[in-house]
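Visitor: I am new to this structure. Could you walk me through it, one question at a time?

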Amino acid sequence: MGFAWMFLGYVLLLGTNFEIFGVTLDITPDVVGFLLLSHGFSVASRYCDCFKISKILGNVGIPLSLVYLISEVSFSMELLPLAPGVVSAVKYGYAFFKLIFSLCLLYSLYLISAQTGVEKLRKKSIRLALYTVLFFFAEHCFPSLLSLAKVSMEASKIAGIQMFLNILCILINATLIFGCYMWICLEGDEDMPDNRKHKYKTPFDYFDKRRSEASSAQTAQRKENRAKQHKRK
């Protein structure tokens, strides 16, 4: 279904910016994350249309994240004469794009959860959409809130708290993607062969076993529902 690629790609959108030798670098580059996400959406699109918009935005995110990365590195290394206002505009514009992308992804997961009847994931996607908006405004309005409260804080601490809020939001949303990986399997996908060549067990072997059990239960439930519908007719 592509959920594993989506999970790995979305985790790379953490925005973990650290200063290394005087240069601010994102150690989890977003451009790699969007590449993995786009691949995951392409795989999922073979099974359903729930990820159509997310796929488009994921492809848009590849060049945008690359432009953002170049602007950040160029400004940090003073390679290009970029005004601070331009850098701020790129930063906030890109942050808003990531917000829209995250909400679209959550909507796609809401659709696939509703389509497969996994009610707990459907409800969770709604809650996380609200949390995502709250985290976004908390992160970007944090300096203004401090100013209103007349609280002074070092710029490095403010940046650290903002990064923490961003990371927390990404990780919480990633749990929904992982939940979909665990519990969602579309009809016709239950008996896919295991092509893995390794002989050593990994944590994903356990999760795949659980997912296989869940998909078998879903298949049995579908058959039971069809039988009930047939009797009614």
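Visitor: Which residues in α6 do Phe3, Ala4, Met6, Phe7, Tyr10 and Val11 in α1 meet?

Guide: A word first: this is a predicted model. The axes of α1 and α6 come within 9 Å and cross at roughly 170 degrees. That angle is over 145, so α1 is roughly antiparallel to α6. The residues met in α6 are Ile170, Asn173, Ala174, Ile177, Phe178, Cys180 and Tyr181.

Visitor: How do the residues of the contact of α1 with α6 divide by class?

Guide: Phe3 and Val11 are among the α1 residues there. Asn173 is one of those in α6. The division is 12 nonpolar, 1 polar and no charged.

Visitor: What is the pattern of the protein, read along the sequence?

Guide: The protein has 7 helices and 2 strands. Read along the sequence, they follow the pattern α-β-β-α-α-α-α-α-α.

Visitor: How are α5 and α6 oriented to each other?

Guide: Helix α5 covers residues 119–148, and helix α6 covers residues 155–183. Their axes are 9 Å apart, at an angle of about 170 degrees. The cut-off is 145 degrees, so α5 and α6 count as roughly antiparallel.

Visitor: How many charged residues does the contact of α5 with α6 have?

Guide: Take the classes in turn. The contact of α5 with α6 has 16 nonpolar residues and 8 polar ones. The charged residues number 3.

Visitor: Is Leu13 buried or exposed?

Guide: Leu13 sits in the loop between α1 and β1. Leu13 touches residues including Asp30, Phe34, Lys98 and Ile170. Its relative accessible area is 2%, and buried means under 20%, so Leu13 is buried.

Visitor: How far apart in space are Leu13 and Asn166?

Guide: Asn166 is one of the residues that Leu13 touches. In sequence, Leu13 and Asn166 are 153 residues apart. In space, C-alpha to C-alpha, they are 9.2 Å apart.

Visitor: What kind of aromatic pair do Phe34 and Phe97 form?

Guide: A search of the whole structure finds 10 aromatic pairs. Phe34 and Phe97 form one with 6.0 Å centre to centre and 45 degrees between the planes. Planes under 30 degrees apart count as stacked and over 60 as edge-to-face, so this pair is tilted.

Visitor: Where do Phe34 and Phe97 lie, and how many residues apart are they?

Guide: Phe34 is buried at 0% relative accessible area. Phe97 is buried too, at 11%. Phe34 is in helix α2 and Phe97 in helix α4, linking distant parts of the chain, 63 residues apart.

Visitor: Why does the pair of Tyr68 and Tyr94 tie together parts that are 26 residues apart in sequence?

Guide: Tyr68 and Tyr94 form a stacked pair, 4.6 Å centre to centre, with 20 degrees between the planes. Both are buried. The pair ties those parts together because Tyr68 lies in helix α3 and Tyr94 in helix α4.

Visitor: Which residues form one aromatic cluster?

Guide: Phe34 and Phe97, the tilted pair, belong to it.

Visitor: Which residue lies over the face of Trp183?

Guide: Two lysines can be named here. Lys91 lies over the face of Tyr92, at 5.9 Å from the ring centre. Over the face of Trp183, at 4.6 Å from the ring centre, lies Lys120.

Key
Residues are numbered from 1 along each chain as its sequence is written. This is a predicted model: local features need pLDDT of at least 70, side-chain atom pairs count only at pLDDT 80 or more; totals for chains, interfaces and linings use all residues. Side-chain values use heavy atoms; hydrogens and water are left out. Rings of Phe, Tyr and Trp (its six-membered ring) pair if their centres lie within 6.5 Å; planes under 30 degrees apart count as stacked, over 60 as edge-to-face and the rest as tilted. Helices (H or I, at least four residues) and strands (E, at least two) are DSSP runs, numbered from the N terminus. Buried means under 20% relative accessible area, exposed over 50%, partly exposed in between (1.4 Å probe, protein chains only). A charge sits over a ring if NZ of Lys or CZ of Arg is within 6 Å of the ring centre and within 35 degrees of the ring normal. Axes are lines fitted to C-alpha atoms, for helices over the stretch in contact, and angles run from 0 to 180 degrees between N-to-C directions. Angles under 35 degrees count as roughly parallel, over 145 as roughly antiparallel, 65 to 115 as roughly perpendicular and the rest as oblique. Ala, Val, Leu, Ile, Met, Phe, Trp, Tyr, Cys and Pro count as nonpolar, Asp, Glu, Lys and Arg as charged, and the others, Gly among them, as polar. Contact means heavy atoms within 4.5 Å. Lists of a residue's contacts leave out its neighbours within four places in sequence.
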